[in-house]
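Please look at the sequence and the 3D structure shown below before reading on. The report then follows a few topics in turn.

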Amino acid sequence: MANPWLSIIGIHPSGRDGLSAAAQRDLDDASVVFGSPRHLVLGQVGEKGRPWPVPFSVEPVLLLRQKAKVAVLVSGDPFHFGAGASLAKHLERGEWRNHPQPSTFSWIAGELGWSQEHSHCLGLHARPLETLRPLLADGERFICLLRDGPAAHSLASWLCEQGWGSSPMWLVSNAGSAEQSICSASAEQLLGQLRDEAASAPVAAAFEARGGLGLVQVPGRSVDMFVHDGQITKSPVRAMTLAALAPRKGECLWDLGAGSGSVSIEWCLAGGEAICVEQHVARVAGIAQNAQRYAVGLKVIHGDSLTSLDALSPQPQAVFVGGGFDMDLFNALRSRLRGPWRLVVNAVALQTQALLMDLHREHGGQLLQLQWSEAQPLGRMQSWNTARPLVQWVWSA
């Protein structure tokens, strides 16, 4: 498109003086300018300005598509935790012009002497702090955009609660402007300071993780890391189950009879998405707690696995059944699912194990019997406590 109708303009606290000549021309030519109240003042747009709706939506911009010259003002680089991508996914390439500025991440990395490619750059405006949990490890560096001044207190408090209170931390207000200020101390020390006086917005936080224990990076995490009522796939079996499910980034798992949701949580931590189906309401609540704790993208459906299949979307690349598997469920899955998908079923009950042996004879796949024992106290001594044998069937459609 030779004449784009939309200009996406990054702006800094320096205002119009920091814009390129091309960005200034597009801003002047626009008949409508969207942005936060602060950005509209910085851009000196006067009566052309329209604040973003609350909650945020790009719909007002899209309603003017091809009807007017429109500009939007955002912080720094519009396509790095900015509104650029939110707009572009509704448009055809060529409908917009992009005028990026150095991002807040760039300013702060330069101030601290950090390489951006080796730092975690995150926008925490509307994301839970638990998003940090899988990334935390000793020495890892983070630069985080925050919603407001009180959010800086929340971040310092959360780091202390998670055992990372000794992490060096920097709070940067008005990054890149003449009014830029930096306050630095450990997260624990800053927490005390922020109780008395909130950080000045706009504010971002940087910290180098110190003092805590990072999340184990392979499947088979301890059962103590999950909320459960005893109905949970034990760590050794879960490790083998995840290996059989073979998660790949962006793939979807259906976890039928999910129990605690531990298999789905570990699938999501490997980069996938999951849908859990569980018929016990208390376990549904436990799955939701586990998902919140690790800030993973899974949905939970309360219901029976067989009758819930029609409501599940999108189609999965893998299906795990940890309980309640029968021939009706197998036939229903085969009739509903299209394209390549893989199935993993774990069974302890003899009747289900017999069914898996029959299905293995008829359809092939891999059939394993898993047996293990754990050392447990026996009076003043110890003895092996043998777990129930488990049969696992792995099959690909």
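Which residues of the largest nonpolar core touch the most other members?

## About the model

This is a predicted model, in which local features need pLDDT of at least 70 and side-chain atom pairs count only at pLDDT 80 or more, while totals for chains, interfaces and linings use all residues. Residues are numbered from 1 along each chain as its sequence is written, and side-chain values use heavy atoms, with hydrogens and water left out.

## The largest core

Among the 27 residues of the largest nonpolar core, those that touch the most other members are Leu-132, Leu-136, Leu-146, Leu-159, Met-169 and Leu-171. Such a core is a set of buried Ala, Val, Leu, Ile, Met, Phe, Trp, Tyr and Cys residues joined through side-chain atoms within 4.5 Å, where buried means under 20% relative accessible area with a 1.4 Å probe, protein chains only. Helix α6 gives the largest share of this core, 6 residues (helices are DSSP runs of H or I, at least four residues, and strands are runs of E, at least two, numbered from the N terminus).

## Strand β7

Strand β7, residues 141-145, has 4 of its 5 residues buried. This strand runs parallel to β6, with 5 bridges joining them, and pairs with β10 in the antiparallel sense over 5 bridges (pairing needs at least two DSSP bridges).

## Helix α12

In helix α12, residues 327-336, the buried residues are Leu-329, Phe-330, Ala-332 and Leu-333. Seen down the axis, the buried residues of α12 fall within an arc of 165°, so they line one face of the helix; the arc is that of the directions from the helix axis to the C-beta atoms.

Terms used. Buried < 20%, exposed > 50% of the residue type's maximum accessible area, 1.4 Å probe, protein only.
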